Amino acid sequence: MSADIFFKKVRTYADLSEEAEHAWASLLRPRQYRKEESFIVAGDVPTTFAFVVKGLFAQHHVGPDGDMVIKYFFPECRIAASVSATLLSQSSLFTITAIEDSTVLEYEFAAFKALVSKFPDVAAFYIGYLERHWIIEKEPGEIAFRHDAAMHRYRDFIRREPDLHRRLKQHHIAAWLGITPESLSRLRKAIALGAG
């Protein structure tokens, strides 16, 4: 059952009481997304978070020239959300799209925040999740994008996310690296030849 997978993952951040788990479980709604279907659309004010049970999503922005920049990937056992826009009740700058057929458990953020106020263990989860994924993991990546060459970032991505790397199309990786697919082909060729 997908709720079991969800709570198993939640417990890697904080232990939950039976009462807190039951209250949170009552918010979860299973939903399917087909490949290329959007969970959040840029310009909309998002209100839900989605735990990815199966599948893969990409958070992206399309610039005025039509070039796509991918900010983040959400594979299994991650929570897909446009966090800043949801917290501020503002239009999202990003679209989150399924890049594989996907199954999620969605929940309304406002109802979840009510649980954070009511249950200290849910609050501990929330703090732990934000710290790990929006501060600890995010900071080195932000520095790398300002200072490291594309080859270094690409090699680091392959090392850190080998399974995810194999699942992505070349244009997704290029959009995440901030380079063209042609530039990515050159990087791959250099790696294959033992250069770079």
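Predicted model: local features only at pLDDT ≥ 70, side-chain atom pairs only at ≥ 80, totals over all residues.
Local features need pLDDT of at least 70 and side-chain atom pairs count only at pLDDT 80 or more, while totals for chains, interfaces and linings use all residues. Residues are numbered from 1 along each chain as its sequence is written, and side-chain values use heavy atoms, with hydrogens and water left out.

The protein chain has 10 helices and eight strands, these being DSSP runs numbered from the N terminus (helices H or I, at least four residues; strands E, at least two). Its radius of gyration is 18 Å, close to the 16 Å that the globule rule gives for 196 residues, so the chain is as compact as a globular protein of that length; the radius is taken over C-alpha atoms, and the rule is 2.2 Å times the number of residues to the power 0.38. Of the 196 residues, 44% are buried, meaning under 20% relative accessible area with a 1.4 Å probe, protein chains only.

Turning to the sheet, four strands form an open, antiparallel arrangement in the order β1-β8-β3-β6, where two strands pair if DSSP finds at least two bridges between them. Strands β1 (29-33) and β6 (79-80) stand at the edges, each with a single partner strand, so one side of each is left without a neighbour in the sheet. Strand β3 (residues 48-54) is joined to the antiparallel strand β8 (residues 102-108) by six bridges, and K54 stands opposite T103 in β8. Helix α4 (residues 109-118) packs on the sheet, touching β3 and β8, with contact meaning heavy atoms within 4.5 Å.

Methods. Axes fitted to C-alpha atoms, helices over the stretch in contact; angles between N-to-C directions. Buried < 20%, exposed > 50% of the residue type's maximum accessible area, 1.4 Å probe, protein only.
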